[in-house]
Amino acid sequence: MSADLDALRDAIEAAGLVMRGAFRPGEGDAVPALPDGRAAETLVLIGNAGSRMWAEFECSPEFAAGEDRLDRWSRRVIGQLALRFRAAPLYPFGGPPWLPFLRWAARAESLHSSPLGLSIHPRYGLWHAYRGALIFAESLEVPECRAETSPCDECWDQPCLDACPVGALTRSGYDVAACAAHVASPAGCSCLMQGCLARRACPAGREFRYVPAQAEFHMRAFVKARRCERRTTSSEPA
Ligand code: B12
């Protein structure tokens, strides 16, 4: 099938994912070439927002067993979309080095950096992540990326900045070791079972907050990645 962005959007949604914008890569975007050596003319980002993806993933064969289950699910689902729409898939995991997904995300959608460092979306708040991208040799008609203000601009209290019990997430940066040690300790039970307290304190996009099973899955993947000290090749923490 040749690429038609509306048909692609529908197919992405049928898989439980969301089309997270598209753009025409330029020289500074560090988008790799297609497997046949041609330059990518269009990049479409694919991610999750809220827990729609979780419902699909929980019913999948990958969910049942093995390592890096969500990454394997993403490879299968996005790989099938790539075949169907004659594109090449790219993934945020499998590094280092990692492909600059956050830079691409800021090109494709109106995203802003939150005081926590995570990217915030006007609608989904902090409850979103990326599972892959498709690159095309064709120059597709990409939707215009409309600039929207950051939800943080009108958030006077900024409760996210006071919510981490060990002060791991502040304006001055992210103390990954302190965060991981807390989440792995008995005192970190709430973060482990329901998701990061700082992320949960954010009033934006509350209706997209991850269901507890999904939050626990990501937090356990995060703790495991830190314990293995492999600065994870997987993107399951997200
Ligand atoms: C490695 C990595 C991590 C590592 C290392 C971070 C570090 N500072 O050392 C660890 C495992 C700690 C991590 C954790 C999380 N991560 Co992370 N991470 C990545 C990954 C795979 C690569 C980033 C990288 O090194 N890029 C290359 C360098 C050169 O670019 P950079 O812009 O300087 O990268 C820095 C930031 O990305 C930052 N970073 C990465 N994750 C996080 C999370 C937080 C809270 C902050 C403040 C910074 C941060 O660390 C990088 C190195 O300094 C990206 C995916 C990608 N391909 O970009 C996801 C990614 C950035 N992470 C993401 C997320 C959501 C998380 C978590 C919040 C997930 C969770 N459990 O809920 C957790 C944080 C734990 C918590 N308190 O909730 C999302 C961000 C989406 C968004 N809304 O902005 C991404 C894009 C993955 C995805 N699939 O969407 N992550």
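How many residues of domain 1 are in contact with domain 2, and how many of domain 2 with domain 1? In this predicted model, 25 residues of domain 1 touch 23 residues of domain 2.

## Two domains

The protein is split into two parts. Domain 1 covers residues 5-136. Domain 2 covers residues 151-227. Their C-alpha centres are 22 Å apart.

## The buried area

About 2,100 Å² is buried between domain 1 and domain 2. Carbon and sulfur atoms account for 71% of that area. On the domain 1 side, three residues lose the most area to domain 2: Pro 115, Leu 116 and Trp 127. Together they make up 40% of what that side buries.

## Charged and polar links

One salt bridge is found across the interface of domain 1 and domain 2. Glu 67 also has a named partner: it forms a salt bridge with Lys 224. The closest N and O atoms of this pair are 2.9 Å apart. Polar contacts cross the interface too, with five residue pairs found.

## The domain 1 side

Which helices and strands supply at least two residues each to the side of domain 1 that touches domain 2? They are strand S2 (42-49), helix H2 (52-58), helix H4 (69-84) and strand S6 (128-136). H2 gives the largest share, four residues.

Note on methods. Residues numbered from 1 in each chain as written. Predicted model: local features only at pLDDT ≥ 70, side-chain atom pairs only at ≥ 80, totals over all residues. Heavy atoms only, no water. Domains from an automatic or database assignment. Contact = heavy atoms within 4.5 Å. Buried area = accessible area lost by both parts, 1.4 Å probe. Salt bridge = Lys/Arg side-chain N within 4 Å of Asp/Glu carboxyl O. Polar contact = N/O pair within 3.5 Å; in protein donor to acceptor, adjacent residues only side chain to side chain.
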